[in-house]
Amino acid sequence: MRRALALARRAAGWTSPNPMVGCLILRAGCLIGEGFHAYYGGAHAEARALASVSDPELLRGATMVVTLEPCAHWGKTPPCTELIIRSGIRRVLVGALDPLMGGRGVARLREAGLEVETGLLEAECRELNAGFFTWARLGRPWIALKIAQSLDGRVATRTGSSRWVTAVPARRWVHRCRARVDAVLVGTGTVAADDPALTVRHVRGRQPWRVVLDRRGSLPADRRLFTDSLCGRTWVFTAPGVVPSYAEQLLQCGGRIFSVPEGPGGLDLAAVLERLAREGVRTVLVEAGPRLATALIRAGLVDRLYCLIAPKLVGSGLEAIGELGVWEMDQARPLAFHRLRRIGPDLLIEATVDSPGGGECSPVS
Ligand SMILES: [Zn+2]
């Protein structure tokens with residue numbers, strides 16, 4: 001299953017809104033075939049693994065290992081369950097059940113007399129497609145919040161200087177991260193102050209959608225997101241009835257403008273995320289400043305925190321995260337450290353957020 005997971009990961013960034021899937025075929029303990037779902041609309045992992053076996057006779061009585069429950073429905077390709085049944089495979093080991101399948105894939109295989117085991121490395125198999133599983137459960141994308149801060153928790157000095165907090169290797173890591181998510185999300189403040197390109201530059205990979213919350217449409221039209229060669233990948237969210245000054249140039253190059261309702265402090269974040277989900281976005285990397293970051297945390301809309309910590313002290317300056325309404329220590333938002341690693345001179349702490357479930361929602365633009 002670990003090998004199947006590694007295979008699946010080769011397609012990171014290319015299968016969305018479909019999940020990544022890896023598949024192996026074993027016979028008498030020997031690997032005789034393997035495959036993965038390489039891109040959206042392409043053949044499923046099971047079909048590719050079956051096709052990779054040199055002699056179809058070898059499949060009689062063989063075992064399949066697959067990270068996600070095989071599909072039992074006609075989608076862009078025929079159902080994998082039927083291919084597996086016809087192939088003569090006798091045993092199937094499944095990592096995670098497919099929330100969209102409701103167990104029908106496994107039931108179909110069992111009904112045809114195959115031996116099926118589920119739950120093998122299930123946590124890893126679900127983590128592989130955190131976006132897909134989050135969307136299936138909550139109807140919104142999986143949200144990762146990236147913060148690059150000094151050891152004392154500052155993202156900028158008191159004059160607003162923020163370039164650069166972390167060193168080149170950490171910034172390259174951010175580019176790799178962008179290539180793996182469907183969309184990168186920023187607020188008005190970040191675009192106004194930093195004019196970021198939010199592109200994948202230092203590594204090879206797919207360019208994510210660049211999503212900007214510009215409630216009043218007040219951003220200057222000369223920003224890179226509205227003028228560079230990738231402006232067709234820029235999506236702007238505004239309040240209803242707002243026509244930004246850059247609207248025409250953005251629409252001309254293929255960018256899009258969505259309007260969503262407002263809340264007390266800005267745009268309704270839940271509405272933004274729901275709209276992104278409808279556009280096929282399953283994973284979002286938030287590279288916003290403290291205002292939007294804080295609003296997302298307050299609203300219970302952050303699933304993973306990527307905190308890059310530079311070995312430097314800034315003293316007074318801009319805090320990474322603002323007011324969370326925490327008065328007593330036992331009200332602090334609980335996190336669990338998921339992974340810790342060094343990237344060049346910096347540290348990356350990956351934490352999972354034990355969110356309150358998104359009941360509260362304080363929107364922001
Ligand atoms: Zn399938």
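A crossing of two helices is left-handed if the near helix is turned anticlockwise from the far one by less than a right angle, and right-handed if clockwise. Helices (DSSP runs of H or I, at least four residues) and strands (runs of E, at least two) are numbered from the N terminus. The model is predicted, so local features are described only at pLDDT of at least 70 and side-chain atom pairs only at pLDDT 80 or more, whereas totals for chains, interfaces and linings use all residues. Residue numbers start from 1 along each chain as its sequence is written.

**View 1. Domain 1 and domain 2 of the chain.** The domain assignment places residues 2–128 in domain 1 and residues 139–353 in domain 2; such bounds come from an automatic or database assignment. The centres of the two domains, taken over C-alpha atoms, are 35 Å apart. Domain 1 gives 5 residues to the contact and domain 2 gives 8 residues, a contact being a pair of residues whose C-beta atoms, placed from the backbone, lie within 7 Å. On the domain 1 side, 3 of the touching residues are nonpolar, 2 are polar and none is charged. Nonpolar here covers Ala, Val, Leu, Ile, Met, Phe, Trp, Tyr, Cys and Pro; charged covers Asp, Glu, Lys and Arg; the others, Gly among them, are polar.

**View 2. The hairpin of E1 and E2.** Strand E1 (residues 22–27) pairs with strand E2 (residues 30–36) in the antiparallel sense, over 6 bridges; pairing requires at least two bridges found by DSSP. Within this pair, cysteine 23 faces glycine 35 of E2. The turn of the hairpin has 2 residues between the strands. Alanine 28, in the loop between E1 and E2, has a positive phi of about 50 degrees although it is not a glycine. Most residues other than glycine have a negative phi.

**View 3. The open sheet of 5 strands.** The strand order is E2-E1-E3-E4-E5, and the pairing is mixed. E2 and strand E5 (115–118) are the edge strands; each has a single partner strand, so one side of each lacks a neighbour in the sheet. Neighbouring strands are turned against each other by 15 degrees on average, direction ignored. Strand E4 (residues 91–96) and E5 run parallel and are joined by 4 bridges. Valine 94 stands opposite threonine 118 in E5. Helix H4 packs on this sheet, where it touches E4 and E5, and its direction makes about 155 degrees with that of E5. Angles are taken between N-to-C directions and run from 0 to 180 degrees; axes are lines fitted to C-alpha atoms, for helices over the stretch in contact.

**View 4. Helix H3 and its contacts with H2 and H4.** The axes of helix H2 (residues 45–52) and H3 come within 9 Å and cross at roughly 25 degrees. The crossing of H2 and H3 is left-handed. Glu46, Ala47 and Leu50 of H2 meet Cys80, Leu83, Ile84 and Ser87 of H3; by class, this contact has 5 nonpolar, 1 polar and 1 charged residues. Between H3 (residues 80–87) and H4 (residues 104–111), the axes come within 10 Å and cross at roughly 20 degrees, and these two helices are therefore also roughly parallel to each other. H3 and H4 make a right-handed crossing. Thr81, Ile84 and Ile85 of H3 contact Gly105, Arg108 and Leu109 of H4, a set with 3 nonpolar, 2 polar and 1 charged residues.

**View 5. The open sheet of 9 strands.** The order is E11-E10-E9-E8-E12-E6-E13-E16-E15, with mixed pairing. Strand E11 (256–259) and strand E15 (335–343) stand at the edges with a single partner strand each, so one side of each is left without a neighbour in the sheet. From one strand to the next, the twist averages 20 degrees. Strand E6 (residues 142–150) runs parallel to strand E13 (residues 304–310), with 7 bridges between them. In this pair, serine 150 stands opposite alanine 310 in E13. Helix H7 (residues 168–180) packs on the sheet; the strands it touches include E6, E13 and E15, and its direction makes about 125 degrees with that of E15. Helix H12 (residues 290–298) lies across E6, E8, E9 and E12, at about 135 degrees to E6.

**View 6. Cis peptide bonds at proline 17 and tryptophan 164.** Most peptide bonds are trans. The bond joining serine 16 and proline 17 is cis, with omega of about 5 degrees; proline 17 lies in the loop between helix H1 (2–9) and E1. Arginine 163 and tryptophan 164 are also joined by a cis peptide bond, with omega of about -10 degrees. Tryptophan 164 is placed in the loop between strand E7 (154–157) and H7.

How values were computed
Two residues are in contact if their C-beta atoms, placed from the backbone, lie within 7 Å. Angles under 35 degrees count as roughly parallel, over 145 as roughly antiparallel, 65 to 115 as roughly perpendicular and the rest as oblique.
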